[in-house]
Amino acid sequence: MVGGFRWAAMFPDEVWEHVFSFLPADADRNAAALVCRAWYRLERRSRWRVFVGNCYAVEPAAAVRRFPEVRAAAIKGKPHFADFNLVPSDWGGGAEAWVEAMAEGWPHLEELRLKRMVVSDDCLELIARCFKNFKVLSLVSCEGFSTAGLAAIAANCRYLRELDLHENEVEDNCLHWMSHFPESCTSLVTLNIACLEGEVNVSVLERLIGRCPNLKTLRLNHSVPLERLVGLLHRAPQLVDLGTGKYAAQHHPELFSRLESAIAGCKNLKGLSGFWEAGPTFLPAIYSVCEGLTSLNLSYATIQGPELIKLISRCKNLQRLWVMDLIEDEGLIAVAASCKLLQELRVFPSDPYGAAQPISLTEHGLVAISAGCPMLHSVLYFCRQMTNAALLTVAKNCPNFTCFRLCIMEPHTPDYITRQPLDAGFSAIVESCKHLRRLSLSGLLTDLVFKSIGASANRLEMLSVAFAGDGDAGLHYILSGCKNLRKLEIRDCPFGDKPLLDNAAKLETMRSLWMSSCSVTLGACRQLARKMPLLNVEVINERKRGLPLELQPDNCPVEKLYIYRTVAGPRSDTPSCVWILR
Amino acid sequence: MEDVKGSDGLGDTELRLGLPGTSTATRSAKRALPEGDEESHDELRRTSAAKAQVVGWPPIRSYRKNSFPGRKVEAEAAAGLYVKVSMDGAPYLRKIDLGVYKGYKELREGLDNMFKCFSLELSRREGGSGSEYAITYEDKDGDLMLVGDVPWEMFISSCKRLRIMKGSEARGLNSRH
């Protein structure tokens, strides 16, 4: 404030709040809040959407206190590598502390999105009871709850618009949970139950969607038989996004034509997914809507290349395609020829543990897509072979990549033609793709690739590294470069203490760092913890042999390390295998 | 372990790997290792086993690994297909791993072995022949089915628990047995 002049008082609060409403991005609002106390006060009262990228970075009560008017909250828990079973199941990420604080301080909460958290039925019941205006529940990669908890949500959230359950582990103990939606529930817009294992009462579901005229997204689970899909579609022809149930049945020409016409009746369909157990028989039933599709997820369908080609060649407006590697290079070449608007491609392995499966999905498919799809910016590609030349070509064709994740399934695989490491290829990617935000590496890689990444990947926010590098220099390049790095996850790399200690300050500018099966010692972690009070240095030791961690010597190797910045201090819910060093 | 040089003096003419003048013997991977190499051999075994089962690699979500019917059976087989087995009249239940049996015959034999003590007890008590029993199972839908009707693969993927029924209840089901 200049000379004590309270310029913020020039306008009434409502005017400033109106001005701030044009700052939707949290980063901008955070900046505004730092200008002066008046703006801090105004901004905090007008923020209604909060994103907490690490549930342990701040005390729930503190967040709730600072932003009293929040209507929508998104919170993330476990580190990303929990998806691949690298994080002990009892590590943490429980949602209770947050839900309790929110129930107390945000009674008007309308939206809650949780990712990788442990959500109990009690949490769900609390949500159902305490938030009178609750509208949106999105649970992604969560666990700890059952269909009994869902019954509570169904029964009590009178204005529920979205129930989005994506890839959760849900215990099935309440068969008739969907019957708990009262007759008065007519507000559903999204219902995604694809991850549920148990049977679904399709008649109840039919009645439910029949009375929800605004339903746009319906994703069924694999228990819903194909015959019943017809009835569901008749009741919801306005659907924009459909996830089928089981997409196989005894071949019946009558069923086929009923299915075909039911699907054709959905004139607004833009997205299709599900297709469990799909075979070639019923695939043509969706041909009529292919032209309008922007999103197609066939990653659970073990359909072979030729059928896939027939299908996808009709999808001229496809923007997102998720598919199994059964599509092979030939299929991807067809995609490149037909889907000129493609933005995102994910190719999943059909047989990740099979040795030398004769699937002809190679670097050629990736190159073809990069050449044929000018709008491509996000790729996830599982394959078994790669060359630097191919990556160089991809880098040249696609300078607009924002996300590039390549997984060559055998660790340490070199360029199969030159037998060289893939440093040159990945370097080309980071040098060409100036807007790259996310990168996953694989194959044989030396410290050189990290030098390129550190120097060139200025917009990189998330980096995943596995089985790569020669020594400390690799990690040092990353931590001393990559200006915008937020999340770094590393496994099975020969990175040790020195780069961590030399770049301690960097860790406070990032959300988190995960390192497992590397060469870090307990001593370095202790030093780091002492030096950086705003970091939680979590050492995870599952093997539990010998002395407790406090008594282990400095040279004791650390199995798994998770470091994250926090203003909440050490958390109090650590299991026995986790030590927070101070 | 043969001596490379051999006693007939023809050692120098033997084919072997390595530069002339060195005494590196041709090593067959299949030869028996001397005592000292036991550990390295074990380590080799361990590393190849470890290599085959790197945790969390390739990086795919577990629900994706188990999504396909064929693969689901594989995944379960790896973990052990343990199901409870109850026998009418027996004081406690047992658990068996369906994955260790190759077919119905082995399963029946396994169950016979496991429950024969109860069989004798019960037959003595009731004074019956003791041989009237039917093996039934509860499938995914919760229905009680007679073991043996469907192909083995289909059976182990749908069997949730086993029940050995005895006496009058079993008689109706016994025609197949």
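UniProt, in an unreviewed entry, lists residues 11-52 of chain A as "domain: F-box"; such annotations may be inferred rather than shown by experiment, and positions follow the numbering used here with feature names shortened. In this predicted model, the end C-alpha atoms of residues 11-52 of chain A are 31 Å apart, and the span is 62% helix and 10% strand. Helices here are DSSP runs of H or I with at least four residues, strands are E runs of at least two, and both are numbered from the N terminus.

Now follow chain A along to strand E14 (residues 344-348), where four of the five residues are buried, meaning under 20% relative accessible area with a 1.4 Å probe, protein chains only. On one pairing, strand E13 (residues 320-324) of chain A runs parallel to E14(A) over five bridges; strands count as paired if DSSP finds at least two bridges between them. A:Val323 has A:Val347 in E14(A) as its bridge partner. Between E13(A) and E14(A) the chain passes through helix H12 (residues 328-338) of chain A, in a right-handed β-α-β crossover: with the strands pointing away from the viewer, the path from the first strand over the helix to the second runs clockwise. E14(A) also runs parallel to strand E15 (residues 378-383) of chain A, joined by four bridges, and A:Glu344 sits opposite A:Ser378 in E15(A).

Chain B is worth a look too: it holds six helices and five strands, in the order α-α-α-β-β-α-β-β-α-β-α. Of its 177 residues, 29% count as buried.

Residues are numbered from 1 along each chain as its sequence is written, and chains are lettered from A and ligands numbered from 1 in the order in which they are written. Local features need pLDDT of at least 70, side-chain atom pairs count only at pLDDT 80 or more, totals for chains, interfaces and linings use all residues, and side-chain values use heavy atoms, leaving out hydrogens and water.

Conventions. Buried < 20%, exposed > 50% of the residue type's maximum accessible area, 1.4 Å probe, protein only.
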